[in-house]
Each structure stands twice: as structure tokens, then as C-alpha cells.
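Here's a chain to look over together. Let's ask where the labels come from, one at a time.

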Amino acid sequence: MKIDTKPLQIGVDSIDVAGTWSQVDKADELMIASYEISDKQNDMLKALKAEREFLKNAMDFFKELFKLKPKQIEHIYKQVPGDTLNLYVSYVCGCVKGATGSFADFEKDVKKEQESAPKGDPATSND
């Protein structure tokens, strides 16, 4: 399956991945870690530690999945906005599990969901 890599700005528009059980397992681990960060928001230290661990694991996943070179990794760390990377993790995890489409379409769908969610909904609140 092809995964849109334009948001990473690594010189290729998409990369083919197999979607192996190992990749699916790692994608699941990342998504679980993402939800755990939300659960730890009332303890800032735990939340910060969980977020740092999540970011390191996400980059390790990208390195392995996309076979990134050191220069590409450095570029991602220094040039790609954090909010883009956070959303991109969900996009990639979905693709590994069989979802299709571009990151731009995924991003539009997420923004539509956020706009249509009732105000005060804790699942979509940015407070």
C-alpha cells in the first residue's frame, strides 16, 4: 500500500509499505500511547514524559517503516511542524491498518470532525 509522505518533505511523495503484522502491532502501540497521553493530562510531568516517549517511538516507527536516512530524519525533526507530525502519526497508523487516501484528505476529514463536534466535548477540546 502507498503512504503519502509529502508532509514529511523527504524528497518522495509516497512510499509503499507491506502492512505486516509487526507494522500493525507497532501502529497499535503508538495509538494506545497517544490515548494514554490524554489520560495523563492532569499530571503534567507524567503527560510530558509520555509525550516525549510517544514522539521517540513514532520517529523510530517512521525510520523503520520508511527506511529513512539520517539526513531525512534530521529534516523531519527540524522542519516539519509538530502539529503536522502529530496528525501524521494517526494517518500512517491508519494506512498500515488498511486505510487509503492522501494525508491532505485525512487532514480535511479530521478538521471537519472537529468543527462539527459539539462545543465542550472533551474528546475534541483543545483546552
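Q: Which residues does Phe106 touch, leaving out residues up to four places away in sequence?
A: In this predicted model, Phe106 touches Leu87, Ser90 and Tyr91. Phe106 itself is found in helix α5, residues 103–116.

Q: Why is Phe106 called partly exposed?
A: The relative accessibility of Phe106 is 24%. Buried means under 20% and exposed means over 50%, so at 24% Phe106 counts as partly exposed.

Q: How far apart are Phe106 and Tyr88, in sequence and in space?
A: They're 18 residues apart in sequence, and 9.0 Å apart from C-alpha to C-alpha.

Q: What makes up the contact of α1 with α4?
A: Start with the geometry: helix α1 (residues 21–39) and helix α4 (residues 82–96) pack at an angle of about 145°, with their axes 9 Å apart. On the α1 side the contact is made by Gln23, Val24, Ala27, Leu30 and Met31, and on the α4 side by Val89, Ser90, Cys93 and Val96. By type, those residues divide into seven nonpolar, two polar and no charged.

Q: Is the crossing of α1 and α4 left-handed or right-handed?
A: Left-handed: that's how α1 passes α4.

Q: Why is Leu30 called buried?
A: Leu30 has a relative accessible area of 4%. The cut-off for buried is under 20%, so Leu30 is buried. Its place is in helix α1, and Leu30 touches Phe54, Asn57, Ala58, Phe61, Val89 and Cys93, not counting residues up to four places away in sequence.

Q: Are Cys93 and Cys95 buried or exposed?
A: Cys93 has a relative accessible area of 2%, and Cys95 has 1% relative accessibility. Anything under 20% is buried, so Cys93 gets that label, and so does Cys95.

Q: How do you know whether Asp4 is buried or exposed?
A: Relative accessibility is 9% for Asp4. Asp4 lies in strand β1, residues 2–4.

Q: Which backbone nitrogen does the side chain of Asp4 reach?
A: That of Lys6, at 2.9 Å. The cut-off for a polar contact is within 3.5 Å.

Q: What does Asp4 touch, not counting residues up to four places away in sequence?
A: Its contacts are Asp13, Ser14, Tyr88, Tyr91, Ser102, Phe103 and Ala104. Take Phe103: Asp4 and Phe103 are 99 residues apart in sequence, yet 6.1 Å apart in space, C-alpha to C-alpha.

Q: Why is Thr5 called buried?
A: Thr5 has a relative accessible area of 0%. With buried meaning under 20%, Thr5 is therefore buried. Thr5 is found in the loop between β1 and β2, and the residues it touches, beyond four places away in sequence, include Ile10, Val12, Phe66 and Tyr88. The side chain of Thr5 also reaches the backbone oxygen of Val12 at 2.7 Å.

Q: What makes the phi of Gln9 worth a look?
A: Gln9 has a positive phi of about 55° although it is not a glycine. Gln9 lies in the loop between β1 and β2. At 44% relative accessibility, Gln9 counts as partly exposed.

Q: Where does Lys67 lie, and what is its phi?
A: Lys67 lies in the loop between α2 (44–66) and α3 (70–79). Its phi is near 50°, a positive value in a residue other than glycine.

Q: Why is Lys67 called exposed?
A: Exposed means over 50%. Lys67 has 65% relative accessibility, so Lys67 counts as exposed.

How values were computed
Residues numbered from 1 in each chain as written. Predicted model: local features only at pLDDT ≥ 70, side-chain atom pairs only at ≥ 80, totals over all residues. Heavy atoms only, no water. Buried < 20%, exposed > 50% of the residue type's maximum accessible area, 1.4 Å probe, protein only. Helix = DSSP H or I, 4+ residues; strand = E, 2+ residues; numbered from the N terminus. Contact = heavy atoms within 4.5 Å. Polar contact = N/O pair within 3.5 Å; in protein donor to acceptor, adjacent residues only side chain to side chain. Axes fitted to C-alpha atoms, helices over the stretch in contact; angles between N-to-C directions. Left-handed = near helix turned anticlockwise from the far one by under 90°. Nonpolar A, V, L, I, M, F, W, Y, C, P; charged D, E, K, R; others polar.
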